[in-house]
Amino acid sequence: MKQTQNQTKVINTQNPPTPPQFIPKQSERASGLYLYLISIVAALGGLLFGFDTAVISGVIPFIEKQFMLSGTEIGWVVSSLILGCIVGVILAGAPADKYGRKKVLSTAAVLFVVSALGTASANSVLVFVIFRVLGGFAVGIASMVSPMYIAEIAPAKQRGRLVSLNQLTIVIGILVAFFSNYLLVDTGENNWRWMLCVMALPALLFFVALFFVPESPRWLALKGKTQLAAQILEKINGKEIAVREMEIISNSLKNKSDGSFKAVFLPALRMPLMIGVGLAFFQQITGINTIMYYAPLIFEKSGLSINSAIYQTILIGVINLVFSLVAIYFVDKAGRKPLLVIGSLLMTISLLMLSISFAYNLNSMITLAAILLFIASFSSTLGPVTWVVISELFPNNVRGKAMSVSIVFVWITCFFVSLLFPVLLEKIGGGNTFLVLAFFCLLSLLFNLKFTKETKGKELEEIN
Ligand code: BGC
């Protein structure tokens, strides 16, 4: 109780010192506009994540000629980003806990700019790969810290949908990359340089916009800056919610562990960590990026001409975008667990359809229908909800490190799936390959039914 009074006093202070933060107008606060604006700024990290992973598909045919790349070198050019992501995620956890979420996001923004300019001006494949790895660091960091930051500023009732904004921007980033590649393709021999260079613009915007968002109040409270944390929470959520949240946050910090890497593996966190790692693994092993990275190849193998294959790829992007909105609508209403369970079920069904269609050489329209159902199911469930739940599972003092341990499995699994998919397609055929993926979707269904706990509407501190 004493704690409550203290917090109330902090928030009611007559002349609080002006924090070095962007102060929203009263009208913006009342409409929740400020909350949405700062979430969108953080979600720009998702936009760059999406753009950077997708841009390479348009660049490859041109640098292949320019640098006379062998098959192995092409493999390196494509996978170097994902290797960078793995390292980026591993390295970002500790600084996010030590120096704050904002500083780490700004570092990612700088890396995005450097990588865009570096790859665009590369004159050898080695330099290209080095700057791609740097871009990977940035993608890895953004994939973790953007959802984390949003989860930490959002009020419990809206947290799911705000974190899902990050999936929406990932998908928008992918679409923007496809379109910008398409528009730049006829700009002459330096076309691929322009394709890569354009990313510097949104990255710069991200860097500048970050100056106008406040630091995460939960991180500030963890560092003992409770007064500033309370002021920021009040600006975001209004006084009433801020007082309640500060009380919960302060109580949660009383029994905190030392926040070291070891603490992530203490028995108390074993279950959340297992759920985090499991969700990360299943988001990727169920095969989303076999479609995202290899859609034209799949369509071609199912008998479509290359031209219509490209149109279908755009269709995939649009479905991906539209169904991310479905998640935003449902995630705080229906909850995380039902979406994960239903999504895994629908993905199993669509992959079985795909497998049968390949095994029996059915009409290519069935292949298309199965792929679209798969994409729609992923982008309204496992896609966004994985990031939502992983950003909710862990206590404030180890969130950075524990998220890093979980999310590294997104990237490791992504690396192996995208590496092995073409090999499997060749060795065991489309029918069997998609059957294997359907089996993993079924496991994801069972995993979510048994282990994932509902986090809808709870304060982060009530979850762990
Ligand atoms: C996944 C990516 C995927 C993207 C597009 C993200 O949630 O982590 O691997 O490419 O969604 O759907």
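With which residue does Arg 336 form a salt bridge? The partner is Asp 332, and the closest N and O atoms of the two residues are 2.9 Å apart. A salt bridge is a side-chain nitrogen of Lys or Arg within 4 Å of a carboxyl oxygen of Asp or Glu.

This is a predicted model, in which local features need pLDDT of at least 70 and side-chain atom pairs count only at pLDDT 80 or more, while totals for chains, interfaces and linings use all residues. Residues are numbered from 1 along each chain as its sequence is written, and side-chain values use heavy atoms, with hydrogens and water left out.

**Salt bridges**

Side chains of opposite charge can pair when their charged atoms come close. In the whole structure, a search finds twelve salt bridges. Three of them are listed here.

| Pair | Closest N and O atoms |
|---|---|
| Arg 336 and Asp 332 | 2.9 Å |
| Arg 336 and Glu 392 | 2.5 Å |

Helices are DSSP runs of H or I with at least four residues, numbered from the N terminus. Both Glu 461 and Arg 218 are buried, as are Arg 336 and Asp 332. Buried means under 20% relative accessible area, exposed means over 50%, and partly exposed lies in between (1.4 Å probe, protein chains only). A network of salt bridges also links Asp 97, Arg 101, Glu 152, Arg 399 and Lys 401.

**The ligand**

The residues around the ligand include Gln 167, Gln 283, Asn 320 and Trp 387; a residue is near a molecule if one of its heavy atoms lies within 4 Å of it. A polar side-chain atom of Gln 283 is 2.9 Å from a ligand oxygen atom, and one of Asn 320 is 3.4 Å from a ligand oxygen atom. Such polar contacts are pairs of N or O atoms within 3.5 Å. The protein covers 98% of the 310 Å² of accessible area that the ligand has on its own, by the Shrake-Rupley method with a 1.4 Å probe. Helix 7 (159-184), helix 14 (270-285) and helix 19 (382-392) each supply at least two residues of this shell.

**The surface**

Leu 183 lies in helix 7 and counts as exposed because its relative accessibility is 66%. Phe 265, in the loop between helix 13 (261-264) and helix 14, is partly exposed, with a relative accessible area of 45%.

How values were computed
Polar contact = N/O pair within 3.5 Å; in protein donor to acceptor, adjacent residues only side chain to side chain.
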